[in-house]
Amino acid sequence: MALFDTHAHYDDPQFDPDREELLAALPENGVGLVVNPGCDIPTSRQAVALAERYPHVYAAVGYHPENCGPYVPEELDILRALARHPKVVAIGEIGLDYYWEENPPRDFQQQVFRSQLQLAQELDLPVIVHDREAHGDSLAIIREFPAVRGVFHCFSGSAEMARELVKLGWMVSFTGVLTYKNARKALEAAAAVPLERLMIETDSPYMAPVPNRGKRNDSRNVAFICEKLAEVKGISPEECARITWENGKRFFRIP
Ligand code: NI
């Protein structure tokens, strides 16, 4: 059984002590594919470098809403050049984050989000969306780009919003949050999404699932998320692994 961790940040300094060993050993630990999204220009470059180094690692490039403060329009050319790399499979992660007071102003986040959706449309790449406490605006902005498809990663919206995304042709992805005690909302959303629109991810090094909650997360823990999602959907973990693997490969167009 091979698992696809569709979202992990191995460029994070928390992996400095053991990044090489950890990434090299993922296939023998049951994780056959990983997508590493960038959060700004340096981490997007690092994501591409990791993807070049490991056959099972793919990259996404983009400006995360929390990190987009210094963004200048000329940087879209850098992202465009990076995105032409054959192992770059998406623009991400991009989106809106209204949770933190100190984040860049909302209208600026929206501007950077739109620019990157435009880039994704131009390059015919899917997008990885980060939406925290910004459900209404995130949905409204993606509707402005009907030609672009994407995934809402670490989905935190309602079941109703998940159904809306499915209607728009989008994917919905879940993290270790599914395994937490207060997961009712995420579990309801996961139940509302058809199997062929679901993906799983660790969001490493954050969001470690139970029983490793609070520790540094890595892709091996995606097995716990797969088990929980299988339980929600009433299928076996093997079936859930197979379906989310196929969904991820189809969505990111990985041969
Ligand atoms: Ni992330």
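Analyst: What follows starts at the metal site and then moves to other parts of the chain. The model is predicted.

The metal is a nickel ion, and its protein donors are His7 (NE2), His9 (NE2), Glu93 (OE) and Asp203 (OD). These donors lie 2.0 to 2.6 Å from the nickel ion. Along the sequence the donor residues follow the spacing H-x1-H-x83-E-x109-D. His9 sits in the loop between β1 (3-5) and α1 (19-24), while Asp203 sits in the loop between β8 and α8, so this pair ties together parts that are 194 residues apart in sequence.

The geometry is irregular, because the angles subtended by the four donor atoms run from 84 to 173°. A tetrahedral site would need all angles between 85 and 135 degrees. Water is not among the atoms, so the site may look incomplete.

His9 is buried at 4% relative accessibility, and Asp203 is buried at 8%. The cut-off for buried is under 20%.

The loop between β8 (198-200) and α8 (222-233) also holds Asn221. Asn221 is buried, with a relative accessible area of 8%. Its side chain makes a polar contact of 2.8 Å with the side chain of Asn212. Apart from neighbours within four places in sequence, Asn221 is in contact with Thr202, Pro209 and Asn212.

Turning to a helix, α5 (residues 135-143) has Ser138, Leu139, Ile141 and Ile142 among its residues, and these four are buried. They lie on the same side of α5, because they cover an arc of only 165° around the axis. The cover over the buried residues of α5 includes β4 (88-97), α4 (106-123), β5 (127-132), β6 (150-152) and α6 (159-167).

The cysteines are a separate matter. A search of the whole structure finds zero disulfides. For Cys68, the closest cysteine sulfur is that of Cys39, and at 11 Å it is too far for a bond. Cys68 is buried at 1% relative accessibility. For Cys240, the closest cysteine sulfur is in Cys226, 3.9 Å away, which is also too far for a bond, because a disulfide needs the sulfur atoms within 2.5 Å. Cys240 is buried too, with a relative accessible area of 1%.

Technical notes. Residues are numbered from 1 along each chain as its sequence is written. This is a predicted model: local features need pLDDT of at least 70, side-chain atom pairs count only at pLDDT 80 or more; totals for chains, interfaces and linings use all residues. Side-chain values use heavy atoms; hydrogens and water are left out. Helices (H or I, at least four residues) and strands (E, at least two) are DSSP runs, numbered from the N terminus. Buried means under 20% relative accessible area, exposed over 50%, partly exposed in between (1.4 Å probe, protein chains only). A polar contact is a pair of N or O atoms within 3.5 Å; within protein, one must be able to donate a hydrogen and the other to accept it, and residues adjacent in sequence count only if both atoms are side-chain atoms. Contact means heavy atoms within 4.5 Å. Donors are N, O and S atoms within 2.8 Å of the metal (3.2 Å for Na, K and Ca); water is not among the atoms, so sites may look incomplete. Four donors count as tetrahedral if all angles lie between 85 and 135 degrees; four count as square planar and six as octahedral if opposite donors are over 155 degrees apart and all others between 65 and 115; anything else is irregular. The arc is that of the directions from the helix axis to the C-beta atoms.
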